[in-house]
Amino acid sequence: MIRTAALLLVLCCASSALAADAPDLVVVISVDQLRFDYVDRFAPWFTTRGFQRFAREGATFPNARFRHGLTSTAPGHSVIGAGLLPAESGITGNSWFERGAPVDADRWEWYFDDITPWRPPHIQGTPFNASGDRWWKAGGSPRYSTYDARVQVTAGNTAGMSPVSLSGDSLGDRLKEKHPGARVLAIGLKSPAAILMAGRRADAVYWFDHRTPAFISSTYYRFNPAIFSFNELIPGYIPASARWMPSPYIPPDDLQRATFDPPAAWPLKNTTYGGTFPHPVANVRALTYTPFAHQMLFDFAYHVIATENLGATRGTPDLLFVAISSTDNLGHYYGPESMEVADSMARLDRSLADFLEALDRRFGDRVLIALTSDHGVQPNPEIVKLRDPNADAGRIDVRNPDPRAQKISDLPPLRIEIERTLARRLGVRFRADAPLADALIYFFEEPALWINGPRVDELRLDRERVKRELRDTIRNLDGFAGAWTNTELIAPNAGGSAIERLMRASFRPDRSGDVLMALRPGWIWMWGSNSTTHGQPVENDLRVPLMLLGPRIRPGVYEEDASPLDLARTLGAVLGVEAGGRTSKVLGCVTRD
Ligand SMILES: [Zn+2]
């Protein structure tokens with residue numbers, strides 16, 4: 001359904017819209033963790049020049065939802081860039097476990113550095129030591145979605161990064177196929193966001209390494225060293241006061257009304273930079289947890305456009321992906337009901353408005369802008385319960401233990417409980433002081449558990465039976481919406497519940513675990529102290545804004561079922577290339593040639 005006002009706009013603009021040429025530059029902006037309700041909820045404190053411009057002059061899709069269940073950053077961005085489900089592209093999660101791979105101490109060390117493992121009280125001190133008998137040496141290695149040992153980063157000491165794990169062509173790959181002179185670039189705060197949107201044939205991708213700290217690239221790309229001149233400007237984004245205070249854009253009374261953030265909630269947020277304003281911004285790492293980094297990323301995007309002179313060749317469109325992930329950093333720390341997220345959104349709107357106006361000045365009507373997000377977010381369960389002690393909400397802690405853990409009793413309490421119940425169902429003996437090598441479950445990575453194959457074989461148990469018993473153990477636990485064995489998900493089945501279809505879309509046999517799990521709305525995986533998160537097949541995580549603005553886009557509010565998955569095929573239709581997988585479609589806003 002198109003609103004009447006928009007319909008009138010369509011009628012009076014139809015002739016010029018139909019005659020418009022394809023754009024010379026397409027800019028796809030992903031605002032990381034931009035939940036569907038944020039744009040409306042904070043609209044009273046926006047300018048008319050930022051988000052509101054999409055509502056006024058562009059096409060907006062209020063019913064846009066992802067069509068896969070594991071709503072994490074790497075899958076979300078691969079979907080935006082390729083129009084392929086994670087089951088098709090192979091980007092099932094931010095990380096997964098490679099069962100058959102050699103035990104790679106470097107990858108394990110990086111893994112334990114990246115996550116916050118469960119640490120039993122008696123284990124203290126330096127977390128990683130590769131020598132000796134360790135539980136994680138039983139076989140296989142975790143793999144980060146953009147990890148690529150064959151390439152090197154241009155600065156810093158992280159592993160090489162590339163789209164090597166991404167299967168299938170992205171929008172950018174198809175564009176370069178048709179127009180070899182077209183340039184495909186991406187910038188972002190986080191490597192997976194930028195790399196996985198850009199695709200496999202991108203000219204260059206630049207992301208932020210907070211350790212250096214600088215924007216870097218990798219030898220996978222034909223990066224341009226001139227781009228790195230921007231790095232000198234980075235410290236200038238730290239405010240002179242070295243503090244993040246609320247902006248004047250939302251009056252104090254409104255800020256209270258638009259949020260649920262009483263003093264009792266402050267210690268329930270992640271307090272690394274304090275639980276409320278003012279937040280110290282002592283260094284560049286802290287900067288990336290503030291809205292000042294939103295401005296830095298938009299400025300860097302414009303720096304790339306200007307340095308590369310993108311969009312300058314008529315008939316050869318260029319493509320730039322912009323991943324604003326500072327929103328995700330601070331969103332995890334403070335949560336969707338916080339004053340910080342409200343202030344971040346008001347500031348983001350100004351940064352976006354200035355970026356759009358800079359594009360206007362440079363390109364006029366020759367640029368098409370799409371804006372969406374990689375996932376939403378759920379509220380901190382403890383803050384939900386502050387409001388309503390009876391709320392159905394909580395954290396599920398099935399994390400892997402510290403790398404030095406030795407016994408089953410070193411696992412988090414719920415993992416011990418699952419071991420105990422599973423052992424009982426299978427008729428095998430359970431001992432909490434048994435070595436971890438005797439545990440029936442070896443590894444957890446969202447959204448799955450991997451069973452301990454060698455142990456199951458040693459006990460002469462049937463692996464399928466163990467998986468089914470584990471599935472049923474999980475289904476009986478509080479907070480879970482469902483559990484499925486990989487054998488169930490690999491079987492062709494067009495039916496199943498809506499939630500099962502979403503989990504199938506996030507499943508690939510060689511990268512997914514033995515038993516996949518989904519949590520109920522309000523429930524999240526425990527992954528770090530007090531932070532909230534996303535990753536479930538629930539409305540708050542699945543539903544995000546989707547909006548387009550520019551040539552070949554008919555303005556209006558489109559109530560159709562839509563998805564960021566449809567963006568690659570839709571932009572492909574504008575650019576005259578076929579992109580996107582078989583479950584994606586061209587959105588209703590595209591005008592014909
Ligand atoms: Zn994200």
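Start with helices H7 and H21: H7 passes H21 in a right-handed crossing. The model on screen is predicted.

**The two helices.** Select residues 171-178 for H7 and residues 567-575 for H21. Two packed helices are described by the angle between their axes and the distance between the axes. Here the angle is about 20°, and the axes lie 10 Å apart. Angles under 35 degrees count as roughly parallel, and H7 and H21 are therefore roughly parallel to each other.

**The contact.** Next, show side chains on both helices. Which residues of H7 meet H21? On the H7 side they are Leu171, Leu175 and Lys178. Facing them in H21 are Ala568, Leu571, Gly572 and Leu575. Colour this set by class: the contact of H7 with H21 has five nonpolar residues, one polar and one charged.

**The whole chain.** The protein has 21 helices and 19 strands.

**Burial and contacts.** Colour by accessibility last. Of the 593 residues in the protein, 61% are buried. How far apart in sequence are the residues that touch? Taking contacts between residues at least 6 apart in sequence, 75% join residues at least 24 apart.

Methods. Residues numbered from 1 in each chain as written. Predicted model: local features only at pLDDT ≥ 70, side-chain atom pairs only at ≥ 80, totals over all residues. Heavy atoms only, no water. Axes fitted to C-alpha atoms, helices over the stretch in contact; angles between N-to-C directions. Helix = DSSP H or I, 4+ residues; strand = E, 2+ residues; numbered from the N terminus. Parallel < 35°, antiparallel > 145°, perpendicular 65-115°, else oblique. Left-handed = near helix turned anticlockwise from the far one by under 90°. Contact = heavy atoms within 4.5 Å. Nonpolar A, V, L, I, M, F, W, Y, C, P; charged D, E, K, R; others polar. Buried < 20%, exposed > 50% of the residue type's maximum accessible area, 1.4 Å probe, protein only.
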